[in-house]
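Biologist: I'd like to learn how to read a model like this one, feature by feature. Could you walk me through it?

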Amino acid sequence: MRLSAEIIQTAEQRTNPLGERELILRSLAIPAIEHLSVTRDAYDSIDLSNNHISKLENFPRLVRLNSLHLGGNGVEFVDGKNMRRNLPELQTLVLSGCGIRGWNVLGELGVGCPKLEVLSLVGNPVTKRQHYRLYVLNKLPSLKILDFVKIKQSERDRAKRLASSAAGAAMEADAKLEAREAASASLADNTNYDYNESNTFEPGEGKSAEESFATQFTVEEKSKIRDMVANAASAEEIDRIESLVKRGIFPGDRQEGQGVPPPPPPPPPLEDEDVVLGEKRHVEAVNGGGDLKRQKVN
């Protein structure tokens, strides 16, 4: 069920035990975050638990929001830039029982939630990785409680030592690799893209990088774009590639900065004999063979 403006306006509202004004949107099979601007930033807390949300993205400006509950979803991706810009006061985030696996996602949480104090990742695959708690503390130094356990000063000290060690450097390298793989997989999702309205398109910018990738490039170009993303040296380079793809421009095109396709080659010149005699050639099969016969037209 899509999260429509009507669903938000008719949803349960309450004052929770912490005295927060809370909007209840749990267990509605919601697939994606959208239309939250309808709330007019009137809530301290939003409960989106037990839905089908896989990406934390597309948040509107919600300055009042300080608690967000998303336990029991399939969250695997976090748009840190969007969260940092539009949820500046977020202090509590519950992501228990989701699908977070990579260090790169924890890094995005660090980018998006600079004031976060309470975080739950219980039941996520990433919690089984070595040095998980210490890595989270490096990315989210403002945390006070992680997975319902209070953070001690001794853990903070260990996290600092890990960050400056060879093991910490290896974890950061893994995080960059996982970020590239996630970006490549995001572009590759076009193979299962479902067009409900039409399979035709107009040249130019698509609604998203995924749609443009699916409709405006050949199989060979798609393969090259995936390789470019996988081998990108920085997040800025990945952003540049996605921006060009969204505009329908192949990243390797010499004219990529202009967004104009190269002009077609000129037609081949006419032969001198054809110009003088004005002859017209007809191709006919002779005796079932491949011989050609020329017939002049006066």
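**Reading the fold**

Modeller: Buried here means under 20% relative accessible area, exposed means over 50%, and partly exposed is in between (1.4 Å probe, protein chains only). This is a predicted model, in which local features need pLDDT of at least 70 and side-chain atom pairs count only at pLDDT 80 or more, while totals for chains, interfaces and linings use all residues. Residues are numbered from 1 along each chain as its sequence is written, and side-chain values use heavy atoms, with hydrogens and water left out.

Biologist: Where is the place of isoleucine 46, and with which residues is it in contact?

Modeller: Isoleucine 46 sits in strand β3. Strands (E, at least two residues) and helices (H or I, at least four) are DSSP runs, numbered from the N terminus. Setting aside neighbours within four places in sequence, isoleucine 46 is in contact (heavy atoms within 4.5 Å) with Leu23, Leu25, Leu62, Leu65, Ser67, Leu68 and His69. The C-alpha atoms of isoleucine 46 and serine 67 are 6.6 Å apart, although 21 residues separate the two along the chain.

Biologist: Which strands pair with β2?

Modeller: β1 and β2 are antiparallel over four bridges, with glutamate 12 opposite isoleucine 24. Their hairpin has five residues between the strands, and there glycine 19 takes a positive phi near 80°. On to β3 (residues 45-47): three bridges join it to β2 (residues 21-24), and the two run parallel. Glutamate 22 stands opposite serine 45, and isoleucine 24 opposite aspartate 47.

Biologist: What about the helices: at what angle do α4 and α5 pack?

Modeller: Two packed helices are described by the angle between their axes and the distance between the axes. For α4 (residues 132-139) and α5 (residues 153-163), the angle is about 85° and the axes are 9 Å apart. The pair is therefore roughly perpendicular, a label for angles of 65 to 115 degrees, with under 35 roughly parallel, over 145 roughly antiparallel and the rest oblique. The contact includes Leu134 and Leu137 of α4 and Ala159 and Leu162 of α5.

Biologist: How many residues has the largest nonpolar core?

Modeller: In soluble globular proteins, nonpolar side chains tend to be buried together. A nonpolar core is a set of buried Ala, Val, Leu, Ile, Met, Phe, Trp, Tyr and Cys residues joined through side-chain atoms within 4.5 Å. The largest has 50 residues, and Leu56 and Leu95 are among those with the most contacts inside it. Of the helices, α4 gives the most to this core, with five residues. A second, separate core has 10 residues, including Ala183 and Ile241.

Terms used
Axes are lines fitted to C-alpha atoms, for helices over the stretch in contact, and angles run from 0 to 180 degrees between N-to-C directions. Two strands pair if DSSP finds at least two bridges between them.
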